[in-house]
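Thanks for coming, everyone. Let me put the model on the screen, and then we can walk through it together.

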Amino acid sequence: MDKMTCPYYKKCGACNYLDLDYEEQLKKKYSYVNKLLKPFGKVEAVVGMHYPYYYRNKVHAVFDRDRRGNIIAGIYEEESHKVVNVEECLLEDKRASAIIKTIRDMLKSFKITVYNEKSGYGLLRHVLIRTGHVSGQILVTLVLTSPILPSKNNFVKALLKVHPDITSVVININDKKTTMVLGERNILLYGKGYIEDTLCGKTFRISPNSFYQINSAQTEKLYAKAIEYAALTGKETVLDAYCGIGTIGMVAADKAKRVIGVELNKAAVADAKVNAKLNKCNNIQFYQGDAGKFIEEMAERGEKLDVVMMDPPRSGSSKEFLDAIIKMKPSKVVYISCNPETLAEDLRYITKNGYRMEIATPYDLFCHTRHVEVVCSLNRGN
Ligand code: SAH
């Protein structure tokens, strides 16, 4: 495959490995993961992407002004809050990049100001676009400091005229001095307020505030491996911890007796409950709350789990969560991680307390960046 180049590579903080051949990137990621996980068990080769470009189904643009006062939209520089004006990105879904450019060029005529991080003035902070890999649905979220968007109906009309494939437009209000992109409140401007997409043969509703893996093609492979590692026979009670909108649990539910999902984010839990109905999945229940607290309470009630599938955020799991696993003794734990460092820490603890890592497989979900996802299989017994 011919290597692609990007004029922003040196400045932009999104890619770290674009100057390496893709095979080299995979090797580099393998040696990083292997170094961390080798003490616990075998690490398979990194599963790469057939065509590692334009894979991001969630595209985030930050808005600012350049020195001459022109409105710019793009990506932060590495470890900085300086914005690089990006005309084209090799990672982003092309439809999303085009919409961002259109919005950037529309702002002046609609007298929409852009937010200034230092002064705190200005209306538009970010634009977030979600595209359905299979469905083709497109959700545009305008992150504003106030609920009032000047001539909002005309703005949406003008945007849809250029991009008739947009299926929904939402305002998200973020009026806090924060590095978090999204605030909690959404106002619907057009369409349903979410997208639906298909993953592993199931339908999922995804709202602006819910987590969803950004590389759908690779996620399907990752989840298939997670299900393989879970080795379900139809008799098991499974916990899908840190479940988001219920993706992993819903796929596991076909092969298990019962699945319980737990997730902290309220919007994601609401999506997960709808998703269970959409997929006519009757053996799954979702709960909102902290995964550690939830499983600890299950352990205290003396409940039984056969398999735990867990997919915590970058910070990893909690001691509370791992202690409850150690207490409940599920025969299998399938751990999905987007941060091999915290995964290794959690493995260090759990492998001293009755579990053994059988095998781990890294997946390249974040091609050209330094990030890598890992799924690993843990069994009881030393
Ligand atoms: N399994 C899902 C989501 C994984 S991302 C998927 O593959 O799509 C990690 C998820 O953990 C996010 O949805 C986040 O909201 C959730 N989360 C973060 N801290 C949590 C906690 N303490 N307890 C439960 N869920 C948490």
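Start with strand β12, residues 258–263. Five of its six residues are buried, so β12 is largely enclosed by the rest of the structure. Buried means under 20% relative accessible area, exposed means over 50%, and partly exposed is in between, with a 1.4 Å probe and protein chains only. Helices (H or I, at least four residues) and strands (E, at least two) are DSSP runs, numbered from the N terminus.

A word on the source. This is a predicted model: local features need pLDDT of at least 70, side-chain atom pairs count only at pLDDT 80 or more, and totals for chains, interfaces and linings use all residues. Residues are numbered from 1 along each chain as its sequence is written, and side-chain values use heavy atoms, with hydrogens and water left out.

Now the pairing. Two strands pair if DSSP finds at least two bridges between them. On one hand, β12 runs parallel to strand β11, residues 237–241, with five bridges joining the two. Ala241 faces Val262 in β12. Asp240 stands opposite Gly261. Between these strands the chain passes through helix α5, residues 247–253, and this β-α-β crossover is right-handed. Right-handed means that, with the strands pointing away from the viewer, the path from the first strand over the helix to the second runs clockwise.

β12 also runs parallel to strand β13, residues 284–288, and again five bridges join them. Here Gly261 has Phe286 as its bridge partner.

Eight strands form an open sheet with mixed pairing, in the order β1-β16-β17-β15-β14-β11-β12-β13. The edges are β1 (42–43) and β13; each has a single partner strand, so one side of each is left without a neighbour in the sheet.

**The ligand**

Which residues come nearest to the ligand? Of the 16 around it, they are Tyr223, Glu263, Asp290, Ala291 and Asp311. Near means that a heavy atom of the residue lies within 4 Å. The shell divides into eight nonpolar, five polar and three charged residues.

Next, nitrogen atoms of the ligand. One is 2.7 Å from an N or O atom in the side chain of Asp290. A polar side-chain atom of Asp311 lies 2.9 Å from a ligand nitrogen. Tyr242 uses its backbone: an N or O atom there lies 3.0 Å from a nitrogen of the ligand. The protein buries 86% of the 570 Å² that the ligand exposes when taken alone. Those areas come from the Shrake-Rupley method with a 1.4 Å probe.

**Backbone angles**

Last topic: phi. Most residues other than glycine have a negative phi. Cys200 has a positive one, near 50°. Cys200 sits in the loop between β9 (195–199) and β10 (202–206), and is partly exposed, at 26% relative accessible area. His368 also has a positive phi, about 75°. Its loop lies between β16 (355–363) and β17 (373–380). Is His368 buried or exposed? His368 counts as buried, at 1% relative accessibility. Finally, Lys329 follows helix α8, and its phi is positive, near 55°.

How values were computed: A polar contact is a pair of N or O atoms within 3.5 Å; within protein, one must be able to donate a hydrogen and the other to accept it, and residues adjacent in sequence count only if both atoms are side-chain atoms. Ala, Val, Leu, Ile, Met, Phe, Trp, Tyr, Cys and Pro count as nonpolar, Asp, Glu, Lys and Arg as charged, and the others, Gly among them, as polar.
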